[in-house]
Number of protein chains: 8
Amino acid sequence: MSKPYTRLDKNDVAVLLVDHQTGLLSLVRDIDPDKFKNNVLALADIASYFKLPTVLTTSFEDGPNGPLVPELKAQFPDAPYIARPGQINAWDNEDFVKAIKATGKKQLLIAGVVTEVCVAFPTLSALAEGFEVFVVTDASGTFNEMTRQAAWDRMSAAGAQMMSWFGVACELHRDWRNDVEGLGTLFANHIPDYRNLMNSYAQLTRAK
Amino acid sequence: MSKPYTRLDKNDVAVLLVDHQTGLLSLVRDIDPDKFKNNVLALADIASYFKLPTVLTTSFEDGPNGPLVPELKAQFPDAPYIARPGQINAWDNEDFVKAIKATGKKQLLIAGVVTEVCVAFPTLSALAEGFEVFVVTDASGTFNEMTRQAAWDRMSAAGAQMMSWFGVACELHRDWRNDVEGLGTLFANHIPDYRNLMNSYAQLTRAK
Amino acid sequence: MSKPYTRLDKNDVAVLLVDHQTGLLSLVRDIDPDKFKNNVLALADIASYFKLPTVLTTSFEDGPNGPLVPELKAQFPDAPYIARPGQINAWDNEDFVKAIKATGKKQLLIAGVVTEVCVAFPTLSALAEGFEVFVVTDASGTFNEMTRQAAWDRMSAAGAQMMSWFGVACELHRDWRNDVEGLGTLFANHIPDYRNLMNSYAQLTRAK
Amino acid sequence: MSKPYTRLDKNDVAVLLVDHQTGLLSLVRDIDPDKFKNNVLALADIASYFKLPTVLTTSFEDGPNGPLVPELKAQFPDAPYIARPGQINAWDNEDFVKAIKATGKKQLLIAGVVTEVCVAFPTLSALAEGFEVFVVTDASGTFNEMTRQAAWDRMSAAGAQMMSWFGVACELHRDWRNDVEGLGTLFANHIPDYRNLMNSYAQLTRAK
Amino acid sequence: MSKPYTRLDKNDVAVLLVDHQTGLLSLVRDIDPDKFKNNVLALADIASYFKLPTVLTTSFEDGPNGPLVPELKAQFPDAPYIARPGQINAWDNEDFVKAIKATGKKQLLIAGVVTEVCVAFPTLSALAEGFEVFVVTDASGTFNEMTRQAAWDRMSAAGAQMMSWFGVACELHRDWRNDVEGLGTLFANHIPDYRNLMNSYAQLTRAK
Amino acid sequence: MSKPYTRLDKNDVAVLLVDHQTGLLSLVRDIDPDKFKNNVLALADIASYFKLPTVLTTSFEDGPNGPLVPELKAQFPDAPYIARPGQINAWDNEDFVKAIKATGKKQLLIAGVVTEVCVAFPTLSALAEGFEVFVVTDASGTFNEMTRQAAWDRMSAAGAQMMSWFGVACELHRDWRNDVEGLGTLFANHIPDYRNLMNSYAQLTRAK
Amino acid sequence: MSKPYTRLDKNDVAVLLVDHQTGLLSLVRDIDPDKFKNNVLALADIASYFKLPTVLTTSFEDGPNGPLVPELKAQFPDAPYIARPGQINAWDNEDFVKAIKATGKKQLLIAGVVTEVCVAFPTLSALAEGFEVFVVTDASGTFNEMTRQAAWDRMSAAGAQMMSWFGVACELHRDWRNDVEGLGTLFANHIPDYRNLMNSYAQLTRAK
Amino acid sequence: MSKPYTRLDKNDVAVLLVDHQTGLLSLVRDIDPDKFKNNVLALADIASYFKLPTVLTTSFEDGPNGPLVPELKAQFPDAPYIARPGQINAWDNEDFVKAIKATGKKQLLIAGVVTEVCVAFPTLSALAEGFEVFVVTDASGTFNEMTRQAAWDRMSAAGAQMMSWFGVACELHRDWRNDVEGLGTLFANHIPDYRNLMNSYAQLTRAK
């Protein structure tokens, strides 16, 4: 009763970053802010490192929700950027879906704020259209653990795969022989324990 | 292997509020009382805002279970109100089911106290009769996290969708262009962080 | 795509209490001891109240595992009592299975110590033989939350239903008109908050 | 070695509300937002109920810190309101201290955001000048439990008394015979469990 | 710089049980209800076992606060019982203080609901009058851990000693040779792990 | 709708230990280090006790990841040991898969660091090739509970069974009559509470 | 207002291990059993390493409390061993105090089970007699965090210093030049993270 | 009984950073690594911003403890840097104390790894010599919350003041009019919520 392993393929993946806006981020309380900021930027670095087509979208940037966090704006200057005029589910916005389909990819990495809305709604819509959806859980945030668990349950039951940004990076990379230094640096920049390992190692090998 | 996205449709939804009684509420210990009160009233405001037909039911209001919380009674003066003579599963009460069927809706939002009984039993019964059931998890309470997890597992395995009240509101609204002020006010009334965003924004835009 | 609601029927249920032994109980650390003791005795009272056939089994009572807790022994003096000579999965013991089949019931309520072994193994075996299995999660204990979650995941994936003792009692009773005083007393004995409600109520109605 | 009990005296108390601003509130993560909002408003209601002179102060209302939460502004329209031009420790602002001394009270109730700065600094300054200081801990918020514990340790070692808003209200009131209805209503408005008790009680006594 | 050890002396101790009322108990959320009920009854059993003079007091038993829990009423039928007409700090009630002074004891064990009011206020008053006060922390309950910590900090700074009921029993008993069976039974009745040890032991020694 | 119980069979099981390296272990923060070390060594002892063919693999032992923990190296001197030249998913390494297939077993016990990569990837690959996979969850570690939950969700949805090392040992052993002393010693070495039970028992039986 | 630093001096320290008995250990639930076992054995290794005179004592070894854990008995075969006939506070036993005074030391390291009794009582007695007392908090265990906090509060207020076994070892050793290998091995045996550091280091330096 | 407020004075403060080494950091488990890294770098930025004389010290950089984290080395290239040859308490090293005394400051900010040793020992020594010591608690780390609480208790009882890095910065700065932009940038770099406030604000004011 085995089934095929739906595995991330760096040639077939697009990244959707949904509503990581400076105001909305104050709603995120299921992850500590230091860690959450780090996770989102790690995912952005993964998108850049693997040259994954990335689509940005926001909801009412000029109002209380606030602008997209400037770091993301700066990191993806040429990415399609859809400021939705009102649709809550980004997938209800034609331009957003067009931008995704224009990438020609069938695997989607989705992260956003808040999990049960900005992530779950496009996830469910994309699954319904036949995409393979991988939720980057730790780059997505919500009000508390209870709302998170409900959101995960709903997405998982619909067929989405729950991932962490680290798992995503590893599954995309597949083999360290493709490049050690680049990905190693990315990990060192976003995992303090890993940076410590590398610095201890560097010290000892320099000492030889 | 994609499947359709069973999505809340404000024209096809009824709300069931089961046993939010003043005595029974003292049993709820998986959510902090301040937050729980807020969640239940938020769901009530959603029902009012979207003009969703709402059905109220209680169990032994005259005994230790206590009366329905007065705020709910006041907010839905014309809603069918079924004081069950003894049935624990509200679905076993003919009047309750009749009231639901009279709405002509096939999607049900259910919340109640306690989760594994007053929510889970009608949820399982409604699913068995072909309704689409959405559990408003954070407007439902129980003894502790362990009993909650067991209840969620049972309902989820049977096909119910786990939601938060915020997710419900967003999925019902679909597009902010339908109305910004009304829903924005509802959110500000029930999400202190959101109210803060709005007040900061108002201050700055007034200042122009 | 609805499916029938597999619902506890007091005429078709047997209770299996597996290895609640005085020594093994010291291994239980996912539930506080005061609460766990209360949960187990509540389940025993449910079995007595609904006159459910009950099967007791233990593993090496004469060794470090210790004897069955005396309260259970005292409450079910006539229940089949299988001191297994070595089988870890109680279902591997013919006498145990015979005792269950002799009840003629097809729904099984299982609780025991520890969850991933004494509960999960017979649960999986019983499901494989076509029984409907309801795990009384809060009358079952294990080393920590991590082992509990793994055990629940395995049993739930195999089709067992996760319940609490309170949910079990309510689903068995169905209607308070069957008897208010007996079940009310049972709840008051095992739910301090409920006892408080009843005492407050009694005071006020006496005062009339 | 007994010492006198330094007890709140409603005739000798002033309330200081420091920097409860809409922007700064997004920094508070040691208390859930629903509960924190409730605690702050409860303290405000206490100040009003006992007619305690109240002093408001803010830091850079026109910048990112945001305005004082409008509810407080509305509740104390005539209170001294010191928009500090830059002093971080409110006690370094002469107008603030003057406003306090003008009340003629020697007991101070202090709450604010964030605890280790906006509360702790004026607390330490006031103690040094001989005031009796009572910190309303649950109407004060900070980044996390660790920074809160450090702040409490510092203030407690300096002689401040750690209180909750409920303890404050009770110590000020002293005797229910002074007024049952007013304070009872205040408690019902801010303690859902208490409101439930009152509603259950009302139902039963009405029923007589 | 050593100081004398202020040690409980069973000949010089009185027990004060303050406001353990059926309604007020619904406010206690810093301890699980099963455990809290057990702790309070354990303290009551200690008072009986050591024949400590015990004083009961309540606040508005006829209103929403509810009656004293019946178990306490039944266990101390002859104890002074002060239904306070309004004083929040029980020490402000002359009859209460008279009843305490009538015992002729100078060490007081205090427990009650809620900790920062019903326990802390009489604790501070009694310390100020020169009594030695021992707070039975786990037989006292309050809204949450934050209010508890504040209450402990205040009482500890004033010179009260923080105890658990188990520590109290052990310090009063001093030597098991005074009586093994009585206290052993008390412990077995209130510490499930201890009961298990005793039952395992009994089984093995019987088996000899 | 019953299905067969996929049960561990000691004659058909191989153990895969993936990347338990001294550097990578510093990344594990979802389990306390004392407990995690104990769990991993318990699993190793299970492999030895049941003489299960075991396959070891590591990733870049000479770099910051560090060497395999020496205890594992010492315990399995003759086990296939695959130092992967770069593949992140061990299953992508032909030697690793060959070593597994050479055992002729179709049930795999997998543990490793970190869970969502070193455990999840080979788990998903093995399931896709028709193996029965049992994840030893508590001998596998990752960054935090959130990444663990996502990893479990993904593996469970794909058909892996979530186990604890204790559950694994019990399901493999099946009957204590196969050997009491050996497995009892293993349990005593890795479960302090169990060792205590055995020592208490030994004392009493010696005393006879 | 500076005061002298009361610092552990390895020439002036005795170690008291109170009631680490196999039965009583089942009561310890404020520390995970794997970690607690490790902490106690680490303290024993410290006593051996620094050749600190050590005094063992137990309460009713032949009853349900069970024997002293055999590892301690084996490690200190020549230590004074006082099986108390009944005194709960070990300091009430003349032989125990004599054994301590015979060491001629004035600094005492105390650890035991349970914290608020077996540790706190002798701690308070020893302080009263002028000893300097250092509580090894993590080698002492009790029922839960609440009882632990109360016990710490009482001992700390009386002048005891709260330590961890690691802090004790470091303060006793003072300078690594006294011996690197011995203490390093002790740390590696009891701190998995430290062992990992050492193994990573050994690998790299061997590789030179 | 008021006492003077011992307040940080930027002209009289030196900063001591003790043993923030890449290996030792793997021992820190009472704070999440992302947050801890941020806290330490925030403290470093405070030292730079206020031009506080800073002293660095390490223990066995060439061994398993690993080198000082490179960011600190880079940020304080001219700071006294004491590689201790063996003293565990940095204050036992003459060069370290000389470097501190050479600054001429009498207030010390201390942070390090691990809290109960590298922070507590020099804190206690410095207090004994009459320095005013402020522990930067959240830039100091240790094994778990229990060892942290013991360490805080010991330092606090000796007269050290417990602070957070944010409190330190605010108490040093005193008045925003000294400089808004510099400190605002520092806060934005280390408090994601604050950065969000500033970015939201910038967007709106730019929009004018």
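Predicted model: local features only at pLDDT ≥ 70, side-chain atom pairs only at ≥ 80, totals over all residues.
**Where chain B meets chain C**

- The rule finds three salt bridges across the interface of chain B and chain C.
- Nine residue pairs are in polar contact across this interface, with both residues at pLDDT 80 or more.
- On the side of chain B that touches chain C, the elements giving two or more residues are α4 (115–128) and α5 (145–157) of chain B.
- Sorted by class, that side of chain B has 17 nonpolar, 13 polar and six charged residues.
- Chain B brings 36 residues to the contact, and chain C brings 36 residues.
- About 2,900 Å² is buried between chain B and chain C, and carbon and sulfur atoms give 61% of this area.

**The sheet of chain A**

- Follow the order β3-β2-β1-β4-β5-β6 and you have walked across an open sheet of six strands in chain A, with parallel pairing.
- At the edges you will find β3 (81–84) and β6 (161–163) of chain A, each of which pairs on one side only.
- From one strand to the next, the twist averages 25°.
- Strand β5 (residues 132–136) of chain A pairs with β6(A) in the parallel sense over three bridges.
- V136(A) has M163(A) in β6(A) as its bridge partner.

**A helix across the strands**

- Helix α4 (residues 115–128) of chain A lies across β1 (13–18), β4 (107–112) and β5 of chain A.
- This helix of chain A runs at about 165° to β4(A).

Note on methods
Residues numbered from 1 in each chain as written. Chains lettered and ligands numbered in written order. Heavy atoms only, no water. Pairing = 2+ DSSP bridges. Helix = DSSP H or I, 4+ residues; strand = E, 2+ residues; numbered from the N terminus. Axes fitted to C-alpha atoms, helices over the stretch in contact; angles between N-to-C directions. Contact = heavy atoms within 4.5 Å. Buried area = accessible area lost by both parts, 1.4 Å probe. Salt bridge = Lys/Arg side-chain N within 4 Å of Asp/Glu carboxyl O. Polar contact = N/O pair within 3.5 Å; in protein donor to acceptor, adjacent residues only side chain to side chain. Nonpolar A, V, L, I, M, F, W, Y, C, P; charged D, E, K, R; others polar.
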